[in-house]
Amino acid sequence: MVIMDKKLFIKTWGCQMNDYDSKRMADVLRSLGYETVSEPDDADMIILNTCHIREKATDKVFSELGRLKVHKDNKKDTIMAVAGCVAQAEGDFIMKRAPYVDMVFGPQTYHLLPEMVIKATGQRVVNTDFPVEDKFDALPSENKGNGLTAFVAVQEGCDKFCTYCVVPYTRGAEYSRPVSQIIDECKRVAKEGVKEVTLLGQNVNAYHGKSSDGGVWGLGELIREIAEINGIERIRYTTSHPNDMEDSLIYAHRDVDKLMPYLHLPVQSGSDEILKAMNRKHSADSYKEIIAKFREVRPDIAISGDFIVGFPGESEQDFEDTIKIVEDIKYASAYSFKYSARPGTPAANMMNLVHDKIASDRLARLQELLNKQQLEFNQNSVGMVVPVLFDKKGRVEGQIHGRTPYNQAIHVAGNERLIGEIVDVKITQARGNSLGGEIVISETTSKQYA
Ligand code: 5AD
Ligand code: SF4
């Protein structure tokens, strides 16, 4: 029996992969008697799990470290650790500038945490190696999510080298976990009551994992197998790259009921010139063709994307091309960012920088359009009857919160007992970020959910 007598505080920034990693770090440290707490006071160990993808990442880490230092001052043996992508990219710098930090370690070393913690009690530790296979093999496979939905990492790293992006440097080369490991993890979380799994990967649709028959499976095949697991009712995946899109994944959206009609497929820009400078290796048209294929097999699919404005050399016409592709595609949701030069990436050395004011103005224009499209998507779903997975209480008394298959948040008057259930709901109201609805007893589900 492990005696839980130590307190672990983890602060997480960034993507879902980081959330997932934080949970796994908590899992490994549980074996050393650490219990996760929600406040840093009296913590025996503080981990900052950091993100390097956009602006001022390192500054943010240092200001948070400055704030948290008081806990170490009060309790000298508190272990202060920096993990994640900033740790990977700036490990030595952090150790130099923040002498009170005991440990710095990158995303591929979390399974070595117990060893590192034991060492850190005596000396400072830096570990930014890249043995990614070991990480997945050695991390405990239990996954304590919120109980109903869980992330399952299927792939990590990226070989694409988009010129603005740090991921290939901080997360390393693409690596796919073997099929059997993923299936085991999905079965285990299903037994714990999880109904929805989101398959995670920086380039999730580049998944090509070894199967037990000696072959190699793509994401489409993997999803078909996961759909066979009793208890798993919903499958999602994120994030994909247009060039790794295989037909088996597209057709899974036609054949696999448990696969949710939602696709997050970043395009970044609608201008072929800029896409080229970004080293995306696809064009605006080839992206549109892929979306058209998805819509052919699953007409109601919700499309989501990522955009960067103000990339070096982006002219007004290039930006107009981005507006044009957004108008053509019609997004259900999207994330958009102002370009931020990341040290060590090829784009950081590019000329023709876009003035910050122009970039901000473009971002505002793009976001206005994307918000309008999101509202329209939501408005178009009014009247539909769809299955909703209820996951928590709503903010208003007597209301419960859930997610539609299109990943829209929805609030419904209903009994808390329904949390954890999938129930048919008629959508009655649409706002920008959420829907309102009513539980239906007799109404038939909309065509695609019959
Ligand atoms: N500047 C701005 N946005 C970026 N992203 C990645 N790198 C940068 C950068 N240097 C965005 C991309 C990516 C998302 C996760 O973050 O849109 O898809
Ligand atoms: Fe970064 Fe491009 Fe890889 Fe996505 S595909 S993680 S943007 S390098």
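Which residues are around ligand 2? In this predicted model, the shell consists of Cys 158, Lys 160, Phe 161, Cys 162, Tyr 164, Cys 165, Val 167, Pro 168, Asn 203, His 241 and Arg 280. By class, seven of these residues are nonpolar, two are polar and two are charged.

Ligand 1 has its own set of neighbours. The surrounding residues are Ile 53, Arg 54, Tyr 164, Gln 268, Asp 306, Ile 308, Phe 337, Lys 338, Tyr 339, Ser 340 and Arg 342. Tyr 164 is listed for ligand 1 and also for ligand 2. Five residues of the ligand 1 shell are nonpolar, two are polar and four are charged. Two strands, strand 15 (302-309) and strand 16 (333-338), each contribute at least two residues to this shell.

Several polar atoms of the protein approach ligand 1. A side-chain N or O atom of Arg 54 is 2.6 Å from an oxygen atom of the ligand. For Asp 306, a polar side-chain atom lies 2.6 Å from a ligand oxygen atom. Tyr 164 takes part through its backbone: an N or O atom there is 3.0 Å from a nitrogen atom of ligand 1. On its own, ligand 1 has 410 Å² of accessible area, and the protein covers 87% of it.

The largest nonpolar core holds 53 residues. Within it, Leu 199, Leu 222, Ile 226 and Tyr 237 touch the most other members. Beyond four places in sequence, Leu 222 touches Val 154, Val 179, Ile 182, Ile 183, Leu 199, Tyr 207 and Trp 217. A second core is separate and has 20 residues, among them Ala 43, Val 82, Val 86 and Val 104. In soluble globular proteins, nonpolar side chains tend to be buried together.

A polar residue, Ser 248, was also examined. Ser 248 belongs to helix 9 (residues 247-255). Its relative accessible area is 17%, so Ser 248 counts as buried. Outside the four neighbouring places on either side, Ser 248 contacts Gly 220, Glu 221 and Arg 224.

The peptide bond from Thr 238 to Thr 239 is cis, with omega near 5°. Thr 239 sits in the loop between strand 13 (234-238) and helix 9. Asp 42 is not a glycine, yet its phi is positive, at about 60°. Asp 42 is placed in the loop between strand 2 (34-36) and strand 3 (45-50). Lys 330, also not a glycine, has a positive phi near 65°. The loop between helix 12 (316-329) and strand 16 contains Lys 330. With a relative accessible area of 53%, Lys 330 is exposed.

Methods
Residues numbered from 1 in each chain as written. Chains lettered and ligands numbered in written order. Predicted model: local features only at pLDDT ≥ 70, side-chain atom pairs only at ≥ 80, totals over all residues. Heavy atoms only, no water. Near = heavy atom within 4 Å. Core = buried A, V, L, I, M, F, W, Y, C linked by side-chain atoms within 4.5 Å. Buried < 20%, exposed > 50% of the residue type's maximum accessible area, 1.4 Å probe, protein only. Contact = heavy atoms within 4.5 Å. Polar contact = N/O pair within 3.5 Å; in protein donor to acceptor, adjacent residues only side chain to side chain. Areas by Shrake-Rupley, 256 points an atom, 1.4 Å probe, with all protein chains shown as cover. Helix = DSSP H or I, 4+ residues; strand = E, 2+ residues; numbered from the N terminus.
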